[in-house]
Amino acid sequence: MAKQNWILIAILVGLFLLIFKEISEAVNAPKKTIPEIPSEGWTAPSLYLDRELEGEKRELVIYGEELIANTARYLGPNGSVAAVTNGMNCQNCHLNGGRKTWGNNYGAVASTYPKFRDRSGSTETIYKRVSDCMERSLNGKTLDSTTREMKAMMAYIEWVGHAVPKDSVPEGSGIKPPKYLDRAASPVKGQEVYAAKCVSCHGANGEGVLAADGLAYTYPPLWGPNSYNSGAGLFRLSRFAGYVRDNMPLNQASHSAPSLSDADAWDVAAFVNSRPRPSKDLSGDWPNIAKKPVDHPFGPYADGFSEEQHKFGPFQPIIDARKK
Ligand code: HEC
Ligand code: HEC
């Protein structure tokens, strides 16, 4: 045989052995379950992989996710189920359906509710907490707890956190405020941050951009008649600054690689929360005024600091005075 043929046969034998080795390894390998995707802290469950969730329960969770992602389609001003909210989606503030680490996720809800909250001075259920966001963040009305929509949203939120042990709070759930500044946050500086990093999506008047169908926002509003009201969590500077530092501009910032400095985040929060927005009667909130968070912008207070300082800071002196 010619030398070339021997080389060809050697190559073929080599290839055959290699393929045989791969196949036998694959066949003999222990059956692995699909590995969890590593993330900072907590991993939200996947509906695709959850085979235990079946039947009507599964249908409810899927509908709940849809309502949280596309709230406006169902519950907005032209909603197909009821016109009870302002046109924003829960997901605008609870990213990826409330599953994103550091994206104001729902990881700690099932594990910590019902819980006592000082804002209402009572023990709150998940229903009460969802209602709060509908009445404040979505500047609307809540739904009866017996409606299919409310049951679905609650089932979804419970499912998102079902693997979190009772009373534990995974890292990266909710909102973490940036480091406090040693000065008051500045709406003037914040306006510059807004012009440089926010205006392209959220608009010159914070009005956002409606999608072509007019039903929902492509870019949600930050102030004005269709935004969250003065009773919403984001109206507190620390909530706004923390959410924005870890997530905005969307898809360009993350907790470990923010686009804004801590100071930028506080300042842009001060700017946005100085613009006009719907107000809410808050006379029933914080029945024990000593429990008001340092950045709750409405008096009276038990600590003697002004409304101005409680709105814009500096907050550290208030924290220090309260410790005494
Ligand atoms: C404008 C922004 C915004 C929108 C829209 C919004 N929320 Fe919220 N939500 C917040 C903020 C801010 C908090 C408080 C987070 C914190 O303090 O850590 C919160 C808290 C919650 C919590 C409690 C989380 C916890 O860990 O205690 C639940 C549950 C919740 N929202 C559900 C919803 C649902 C359901 C919708 C839609 C019907 C919705 N939210 C719409 C901003 C929003
Ligand atoms: C590239 C476009 C883009 C830029 C730039 C951007 N955002 Fe957003 N922002 C979004 C989108 C989209 C959402 C809603 C996310 C969702 O529904 O998944 C959002 C949501 C928000 C929300 C919560 C919902 C609301 O309307 O209250 C706040 C607050 C916010 N952005 C603030 C900011 C600030 C402050 C800046 C500048 C530092 C900024 N964003 C820059 C696209 C952007």
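Ligand 2 is surrounded by 23 residues, and the closest of them are Cys198, Cys201, Pro220, Met248 and Pro249. Domain 1 (55–160) and domain 2 (187–323) both contribute to this shell, so ligand 2 lies between them. Keep in mind as you look around that this is a predicted model.

**Around ligand 2**

- Three helices, H4, H10 (199–202) and H11 (237–247), each give at least two residues to the shell around ligand 2.
- Sorted by class, the shell around ligand 2 holds 17 nonpolar, 5 polar and 1 charged residues.

**Around ligand 1**

- Ligand 1 has 27 residues around it, with Cys90, Cys93, Cys133, Gly174 and Gly233 as the closest.
- At least two shell residues come from each of helix H4 (90–93), helix H7 (126–135) and helix H8 (148–160).
- H7 provides the largest share of the shell around ligand 1, with 4 residues.
- The class count for the shell around ligand 1 is 17 nonpolar, 8 polar and 2 charged residues.
- Domain 1 (55–160) and domain 2 (187–323) each supply at least three residues to the shell around ligand 1.

**The two domains**

- The domain assignment of the protein gives domain 1, covering 55–160, and domain 2, covering 187–323.
- Taken over C-alpha atoms, the centres of domain 1 and domain 2 are 21 Å apart.
- Where the domains meet, 21 residues of domain 1 are in contact with 22 residues of domain 2.
- On the domain 1 side of this meeting, helix H3 (71–75) and H4 each bring at least two residues.
- That side of domain 1 is made up of 5 nonpolar, 12 polar and 4 charged residues.

**Helix H9 against helix H12**

- Helix H9 (residues 187–197) packs against helix H12 (residues 262–272) at an angle of about 100 degrees, and their axes are 7 Å apart.
- An angle from 65 to 115 degrees counts as roughly perpendicular, so H9 is roughly perpendicular to H12.
- From H9, the residues making the contact are Pro187, Lys189, Gly190, Gln191, Val193 and Tyr194.
- From H12, the contact is made by Asp264, Asp267, Val268, Ala269, Ala270 and Phe271.
- The contact of H9 with H12 contains 7 nonpolar, 2 polar and 3 charged residues.

**Helix H11, an enclosed helix**

- H11 is largely enclosed by the rest of the structure, because 11 of its 11 residues are buried.
- Among the buried residues of H11 are Leu237, Phe240, Tyr243 and Val244, and also Arg239, Arg245 and Asp246.
- The cover over the buried residues of H11 includes H4, H5, H12 and H13.

- The peptide bond from Tyr113 to Pro114 is cis, with omega near -10 degrees. Pro114 sits in the loop between helix H6 (109–112) and strand E1 (115–117).
- Another cis peptide bond runs from Gly313 to Pro314, with omega near 5 degrees. Here the proline, Pro314, belongs to the loop between helix H13 (307–312) and helix H14 (316–323).
- Trp102 is not a glycine, yet its phi is positive, near 70 degrees. You can find Trp102 in the loop between helix H5 (95–98) and H6.
- Trp102 has 26 C-beta neighbours inside 10 Å, so it counts as buried.
- Asn104, also a residue other than glycine, has a positive phi of about 60 degrees. The loop between H5 and H6 is where Asn104 lies.
- Asn104 counts as buried because 24 other C-beta atoms lie within 10 Å.

**A look at Val160**

- Val160 is part of helix H8. With 25 other C-beta atoms within 10 Å, Val160 is buried.
- Val160 and Tyr106 are 54 residues apart in sequence, while their C-alpha atoms are 6.7 Å apart in space.
- Leaving out residues up to four places away in sequence, Val160 touches Ala44, Pro45, Gly98, Arg99, Tyr106 and Gly107.

Note on methods: Residues are numbered from 1 along each chain as its sequence is written. Chains are lettered from A and ligands numbered from 1 in the order in which they are written. This is a predicted model: local features need pLDDT of at least 70, side-chain atom pairs count only at pLDDT 80 or more; totals for chains, interfaces and linings use all residues. A residue is near a molecule or strand if its C-beta atom, placed from the backbone, lies within 6 Å of it. Ala, Val, Leu, Ile, Met, Phe, Trp, Tyr, Cys and Pro count as nonpolar, Asp, Glu, Lys and Arg as charged, and the others, Gly among them, as polar. Domain bounds come from an automatic or database domain assignment. Axes are lines fitted to C-alpha atoms, for helices over the stretch in contact, and angles run from 0 to 180 degrees between N-to-C directions. Angles under 35 degrees count as roughly parallel, over 145 as roughly antiparallel, 65 to 115 as roughly perpendicular and the rest as oblique. Two residues are in contact if their C-beta atoms, placed from the backbone, lie within 7 Å. A residue is buried if 20 or more other C-beta atoms lie within 10 Å of its own, exposed if 12 or fewer, and partly exposed in between; C-beta atoms are placed from the backbone.
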